[in-house]
Amino acid sequence: MLDLKEKATALLSRFYGFSSFRPLQFEIISAALSGRDSVVLMPTGGGKSVCYQIPALIADFGVVIVVSPLIALMKDQVDSLISNGIPAAAVNSQQREEDNKQILMQLATGRIKLLYISPERLLAEIDQWSRELPITLFAIDEAHCISQWGHDFRPGYTQLSKIKEIFPHVPVMALTATADKLTREDIALQLRLKDPQLFVGSFDRPNISLKVMVDAGKTQRINHICAMIDRHRSDSGIVYCISRKGAEDMDRQLRARGYRSAVYHAGLSVSARTSAQDMFINGDLQVICATVAFGMGIDKSNIRWVVHNNMPRNIESYYQEIGRAGRDGAPAETLMFYSYGDIATLQSFVDDSGQKVINGEKLSRRSMPRLRSVDVAFF
């Protein structure tokens, strides 16, 4: 065990510049290298990626398959790994198909240490993969998407149990930043994990301040948001809105006051969403006004504030969304406005969701105005 920790710590220093692991990281790595399935629950910015990237580096031969829901996240991760000298690649729909096929052909050679792939593409390819492929680990990122109880349920994830059918002896690591006990159990069940080890990190983010205010009207809300932008002029923030129309209106209001703002929601074209996200990540915007469609996989260190213009859909979403602030450990602030009108709107979303019982329970068990930073771990 000592030799393994020394080797892992040396790789951490060489490729990531850290002299020691964060809490639970080495234990998670050790479980994967021993062939143990695991469910990993760590906060946004808690260092989940190191937990599956280090096993890829330790193995002399083989590849770690990382199942990821977002092409933009794949690209960011692969670019970062390659820049650090780690052989990584991604297979996705934005690349030429001949390039994708060439990458998949290289799996058997062991030259690729980490392969990022969407759940849909993995399911399309895995039946054709040889059982002899040198796969050392499957890492399922944003694993809450597997569960009908998760806040970002994604049907493409539901068939990932096929991994265990085809590669029963390869360990699977399911990772997420937000999942209550019911969701964690469902993740393990859906993936058919064998006696998985559960790792739960601390969800206390002492650098993030939480504030909740009764909605005093549109003008007052915008004044508060402008004050936050002014306090952090060289950094960035996010305003979450309950609807596409609300996000567009907020964007217009802020741009009219001279702020560098953009809007992001699922009704925009792919190119418009990509452009807004790229500008935000590159620091060209002070604020992005968005629905819940924005944020999964965003890795930007200087998000100094997050505002919820309306009550969020559930406490898991709230925690994940505020967790995008302060990833560098420096002080960050959050503000949520709430009103009884929001509850009526959210109830209508529940009624139309197709998962009325589940989402109704999640809505009813919130008590947002009483939240403290320690409460948002919701365990």
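## Cysteines

Start with C145: in this predicted model, C145 is buried, with a relative accessible area of 0%. C226 is buried too, and its relative accessible area comes to 5%; the cut-off for calling a residue buried is under 20%.

Looking through the whole structure turns up 0 disulfides.

## Helix α9, where C226 sits

C226 is one of the buried residues of α9, a helix that runs over residues 218-231.

Along with C226, the buried residues of α9 are R221, I222, I225, M228 and I229. If you look down the axis of α9, its buried residues fall within an arc of 155°, so they line one face of the helix.

What do those buried residues pack against? Four strands are on the list: β9 (236-240), β11 (287-290), β12 (303-308) and β13 (332-338). A helix, α10 (244-256), is on it as well.

Now for a loop residue. D127 lies in the loop that links α6 (119-125) to β5 (135-140). It is partly exposed, with a relative accessible area of 48%; the exposed class begins over 50%.

Which residues does D127 touch, leaving aside those up to four places away in sequence? The answer is K162 and I166. With K162 there's a polar contact from side chain to side chain, at 3.2 Å. D127 and K162 are 35 residues apart along the chain, yet their C-alpha atoms are separated by 8.9 Å.

## The chain as a whole

Stepping back, the chain has 14 helices and 13 strands. It holds 379 residues, and 54% of them count as buried. Its accessible surface comes to about 16800 Å², with 50% of that belonging to carbon and sulfur atoms.

Note on methods
Residues numbered from 1 in each chain as written. Predicted model: local features only at pLDDT ≥ 70, side-chain atom pairs only at ≥ 80, totals over all residues. Heavy atoms only, no water. Helix = DSSP H or I, 4+ residues; strand = E, 2+ residues; numbered from the N terminus. Buried < 20%, exposed > 50% of the residue type's maximum accessible area, 1.4 Å probe, protein only. Areas by Shrake-Rupley, 256 points an atom, 1.4 Å probe, with all protein chains shown as cover. Expected span 1.5 Å × (residues − 1). Arc of directions from axis to C-beta. Contact = heavy atoms within 4.5 Å. Polar contact = N/O pair within 3.5 Å; in protein donor to acceptor, adjacent residues only side chain to side chain. Disulfide = S-S within 2.5 Å.
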